Amino acid sequence: MAGRGKPRKAKSLDTECVKSPTRAEETRCSGRSFTEDKHNGTMKEQKPKKRQQKNPTHNEEKQSVQSIQIEKPTKYFPEEEIGKPQKTSKDITRASVRGTKAKSCAGRAKSPEQFAEETMKTQPEIPKDKTKASPKTKTAKPRNGKAKSPEPIAEETMKTQPEIPKDTTKASPKTKTAKPHNGKAKLLEQMVEEIKMTQPETCIKYSVQFIEAKTCAGTIKSPEEVMKKRQKSFESITKACEPQDKVGVDSILYTTLEKLRIRRNDRSDASKVINDIIKSIVEHLKKNSQSFQEVQEPLRTGSYYENLKISSPDEFDVMLPMPVTRVDIQPFGDDGAFYSVALKRGKSPLHKFQDETGILSASEMLKEFREEVTKCVKPFKEWVLTRKKKGCPAVTLTTEVNSVTISLDFVLCLVVKSSWPPFTKDGLKIEGWLGTKVRQKYKYLPYYLVPKYEGKGTVECDGVLAKDIWRVSFSHVEKDILKNHGSEKTCCEEAGVRCCRKDCLKLLKHLLSLLKERESFDKFCSYHAKTTLLHACCSRTKDTDWQALNLGHCFQIFLKEFEGHLQKGVLHNFFIPTQNLLSGVREEKCRSLAQCIRNERYNGFPIFK
């Protein structure tokens, strides 16, 4: 008891940890040290005694946020050290490291890594949100007397806090009605109105919430950024409105394509019959016709020869070209697709079809050609000549092969070996798709004129009747493009990767044929679908944009583009941009067809089932 008369001066944590390499000296000061007992888990954490309440008039400032967070675990001291001022976070960290090193050297402590790991487990969790400090905390000074400004405090606190993820997809009720921070409310209203015009009713609510949430969240800061991100936002909105069961939709599309595939036996049987009659007619014209004895080799065009025929080989198109060396063509109308043709000086069996003004009459020429085909077909009892259709340039023959009715269209045409008409200057934009050299090669090819007109044949323009004009045709170029449609030369070959360009076109043609059976959409034809595909290939030029594995996604995009043309009522000719292929169709019919296609697309194509 004599040793308790004068209280022993408590050693600092630094001195105690460094000067205690032996166990005997550690037990001398009130048993084991606090850090070792806590490390071994043998000591229970004691709550520190409450300090005496200080005088309210005492001007002692509170600790900062960092000192409070760091010094929480340092409140567990022996009773002898309670009355003394606490050490700062730096002193405690330095003392902990020294104590750890000393114990490691003595063989009684764990490695620094293990000690740090266990210390982190025993530390109290940092509150989730300390970014907003109270007014007193911002201006408080730590115990060391060096005050920090609120800005560094906020920066250091943000470094220690985990970043809270933002969720802008679900807008709160306030966010829905809030105005954008940059004050561009008018631009936001325009975006919402555009969505209401282009998206179905089921997607309007989601679209408005999506754009308003993004705008109020601060991701859109200026009108320029809005215009850049608008397309991306619309794509995500449209994607959310697409059918959710993509696997089921893809299965339906693949099953439909399998049904549309032509059997090899049917193809070979039909082609044999077709080739025989074509050969007979060409021989007849060369031997027995004075007007058409210069006919060249037939040009096989159309979906069958482009590998785009669906269901069965029941339609074939063949062009019989007549060469003309020197011609004078003048546009008939403003669209640049129809022309009047006048033969210049020279010997040609076609001079007999010219009128007083030198214009080559398409109607008279087509009339005699029909008579020659009728003479040739008489010995072939299995072939039947159909009646002439108004405005149709073809002479159609029909027969039956394996209980399937097959039609063969013979089209008389003029082949012009000169530069293309000026209206084609801005057409055939395939530089980014097939390359500039390929486009130049096509431009050097001749073009064709077929005896076709639109509207009434009695309409007169510059002294020329509509029934005597000719329409420009680039069927040979279309055929070659669709055969070599890939940006890579090996596309759809055995050694290359297969794309889905032709599959998308086949599906759209089949969809049109089914809708035409249900409603009166007779004004629409497969050529509208083919032109849409050519434009789509020029906008999405890479083969990776048309991967066969992504058939469902590619077909959805393809249909959206076709719907866009129908909504606007504008579909430019791929070779003559000044011609609108939908000019002869009423806007109501275009919108009605677009709505039917949209319904099929959103409902998973029930018409294919």
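Colleague: What share of the contacts in the protein with a separation of 6 or more is accounted for by residues 24 or more positions apart?
Modeller: Residues 24 or more positions apart account for 68% of those contacts, where contact means heavy atoms within 4.5 Å. This is a predicted model, in which local features need pLDDT of at least 70 and side-chain atom pairs count only at pLDDT 80 or more, while totals for chains, interfaces and linings use all residues. Residues are numbered from 1 along each chain as its sequence is written, and side-chain values use heavy atoms, with hydrogens and water left out.

Colleague: How many helices and strands are there in the protein, and what makes a stretch count as one?
Modeller: There are 21 helices and 11 strands.

Colleague: What does H476 touch, leaving aside its neighbours within four places in sequence?
Modeller: H476 is in contact with L299, L445, P446, Y447 and Y448. A polar atom of the H476 side chain also lies 2.7 Å from the backbone oxygen of P446. A polar contact is a pair of N or O atoms within 3.5 Å; within protein, one must be able to donate a hydrogen and the other to accept it, and residues adjacent in sequence count only if both atoms are side-chain atoms. At 2.7 Å, the H476 and P446 pair is inside that limit.

Colleague: And K367, is that residue buried or exposed, and how do you know?
Modeller: K367 has a relative accessible area of 52%, so K367 counts as exposed. The residue sits in helix α15, residues 362-377.

Colleague: Why is S592 called partly exposed?
Modeller: S592 has 27% relative accessibility, so it belongs to the partly exposed class. S592 is in helix α21 and is in contact with E519 and F521, leaving aside neighbours within four places in sequence. The C-alpha atoms of S592 and E519 are separated by 9.8 Å, although the residues are 73 apart along the chain.

Colleague: How do you know whether α21 reaches its expected length?
Modeller: Helix α21 covers residues 587-602, 16 residues, and spans 22 Å from its first C-alpha to its last. The expected span is 1.5 Å times one less than the number of residues. That expectation is 22 Å for α21, and the helix is close to it. Among the buried residues of α21 are C590, L593 and I597.

Colleague: What makes the crossing of α18 and α21 a right-handed one?
Modeller: A crossing is right-handed if the near helix is turned clockwise from the far one by less than a right angle, and left-handed if anticlockwise. On that rule α18 passes α21 in a right-handed crossing. The contact is made by L511, L512, L515 and R518 of α18 and L593, C596, I597 and E600 of α21. These residues divide into 6 nonpolar, no polar and 2 charged. Ala, Val, Leu, Ile, Met, Phe, Trp, Tyr, Cys and Pro count as nonpolar, Asp, Glu, Lys and Arg as charged, and the others, Gly among them, as polar.

Colleague: What covers the buried residues of α19?
Modeller: The cover includes α17, α18 and α20 (551-568). Buried residues of α19 include H528, A529 and L534.

Colleague: Which phi value does S311 take, and where is S311 found?
Modeller: Phi of S311 is near 70 degrees, a positive value in a residue other than glycine. S311 is in the loop between β1 (299-301) and β2 (315-324). Its relative accessible area is 42%, so S311 is partly exposed.

Colleague: What about N402?
Modeller: N402 has a phi near 55 degrees, again positive in a residue other than glycine. N402 is placed in the loop between β6 (394-401) and β7 (404-416), and at 49% relative accessibility it counts as partly exposed.

Definitions and conventions: Helix = DSSP H or I, 4+ residues; strand = E, 2+ residues; numbered from the N terminus. Buried < 20%, exposed > 50% of the residue type's maximum accessible area, 1.4 Å probe, protein only.
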